[in-house]
Amino acid sequence: ITPESIKEYEQYLILNGKRYNTISLYMRMLRSICNQASEQNIASLNTRELFENVFIGNEPTAKRAISPAIISRLLEADFSKNSRLDFARDLFLLSRQKTGQQLTVIIENCAKVILRKYASLCKESVYLLPVISAAGEEGHKQYRSALRVYNKRLNQISGILKLKTPLTSYVAR
C-alpha cells in the first residue's frame, strides 16, 4: 500500500460514479484497517502519509427532505386499488427518521392506523411490518430486495402525484 495506490483507488471510485462523501467513508474505513494493521504489528504503515492526498472530509449535500404539503398529499392519496403502492406509501409515512439511532417515540394515531392495518400479516414475526421474515444473511437479502422494490413503488407514486421532488427511502428520513 502506497500513497499512489490509495490515490489510484480514489480515482477509480470517482470514475465509477461514487460521490465524495461515499469516497470519504471508504477511505476512512481503509485508513482504520491500516491503523489496526499497524497497531497489531501486521504491517508498518504511516497512515498520515498514505491518506494525505485523498478526500477524507464531508462535502455538504443538498437537503432532500420533502415538504409538509407533500406529506398531506400522500395522506390524502387513494391507493386502495393498488395494495403495493398503498403499502409503499404507508412505509414512507412511517419512515421519518434516520437509521442507526435509538429512539423513544410516541406512536401517533395516524401511525397506529398503519401498524394495525398490517398487524395480522406479522402475528408470527418479531417485526412490525411484513417486509422481512428471516434473520441474518437471509434477512439482509430480503431487506435489500424489499428496499429496491420500495423505491420503485415510491417512484411510481411520485409520477402519479406529479411530485417535483421524487419520493425515495432517503427523503423519508
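Reply: Start with Arg89. Its relative accessible area is 8%, so Arg89 counts as buried, the cut-off being under 20%. Keep in mind that this is a predicted model.

Where does Arg89 sit? It is found in helix H5, which covers residues 83–94. What does its side chain pair with? The side chain of Arg89 makes a polar contact with the side chain of Asp86, at 2.5 Å.

Next, the neighbours from further along the chain. Leave out residues up to four places away in sequence, and Arg89 touches Leu74, Leu75, Ala77, Phe79 and Ile157. Two of these names, Leu74 and Leu75, come back in the packing of H4 against H5.

Take that helix pair now. H4 and H5 pack at an angle of about 140 degrees. Their axes are 10 Å apart. The crossing of H4 and H5 is left-handed. On the H4 side, the contact is made by Ile71, Leu74 and Leu75. On the H5 side, it is made by Arg89, Phe92 and Leu93. By class, the contact of H4 with H5 has five nonpolar residues, no polar ones and one charged residue.

Now step out to the core. The largest nonpolar core has 24 residues. Which of them have the most contacts inside it? They are Ile66, Leu74, Phe92, Tyr150, Leu154, Ile157 and Leu167. Leu74 and Ile157 are also among the residues that Arg89 touches.

H4 (68–76), H5, H6 (109–119), H7 (136–161) and H8 (169–172) each supply at least two residues. Which helix gives the largest share? H5 does, with six residues.

Leaving aside neighbours within four places in sequence, Tyr150 is in contact with Ala88, Leu91, Phe92, Ser95, Ser169 and Ala172.

H1 covers residues 3–15 and H2 covers residues 20–39. They pack at an angle of about 150 degrees, with axes 10 Å apart. H1 passes H2 in a right-handed crossing. By class, that makes nine nonpolar, no polar and one charged residues.

Is Ser24 buried or exposed? Ser24 is buried, because its relative accessible area is 0%. Not counting residues up to four places away in sequence, Ser24 touches Phe55, Ile56 and Gly57. Met29 also lies in H2. At 46% relative accessibility, Met29 counts as partly exposed. C-alpha to C-alpha, Met29 and Ala111 are 37 Å apart in space, and 82 residues apart in sequence.

Finally, the loops. Most residues other than glycine have a negative phi.

Asn41 is found in the loop between H2 and H3, the latter covering 47–50. Its phi is near 55 degrees, a positive value in a residue other than glycine. Asn41 is exposed, with a relative accessible area of 69%.

Lys162 lies in the loop between H7 and H8. It has a positive phi of about 55 degrees, although it is not a glycine. Lys162 counts as exposed, at 69% relative accessibility.

One more loop residue is worth a look. Ala65 lies between H3 and H4. It counts as exposed, at 62% relative accessibility. Its C-alpha atom is separated from that of Phe87 by 20 Å, and the two residues are 22 apart along the chain.

Back to the starting point.

How values were computed. Residues are numbered from 1 along each chain as its sequence is written. This is a predicted model: local features need pLDDT of at least 70, side-chain atom pairs count only at pLDDT 80 or more; totals for chains, interfaces and linings use all residues. Side-chain values use heavy atoms; hydrogens and water are left out. Axes are lines fitted to C-alpha atoms, for helices over the stretch in contact, and angles run from 0 to 180 degrees between N-to-C directions. Helices (H or I, at least four residues) and strands (E, at least two) are DSSP runs, numbered from the N terminus. A crossing is left-handed if the near helix is turned anticlockwise from the far one by less than a right angle, and right-handed if clockwise. Ala, Val, Leu, Ile, Met, Phe, Trp, Tyr, Cys and Pro count as nonpolar, Asp, Glu, Lys and Arg as charged, and the others, Gly among them, as polar. Buried means under 20% relative accessible area, exposed over 50%, partly exposed in between (1.4 Å probe, protein chains only). A polar contact is a pair of N or O atoms within 3.5 Å; within protein, one must be able to donate a hydrogen and the other to accept it, and residues adjacent in sequence count only if both atoms are side-chain atoms. Contact means heavy atoms within 4.5 Å. A nonpolar core is a set of buried Ala, Val, Leu, Ile, Met, Phe, Trp, Tyr and Cys residues joined through side-chain atoms within 4.5 Å.
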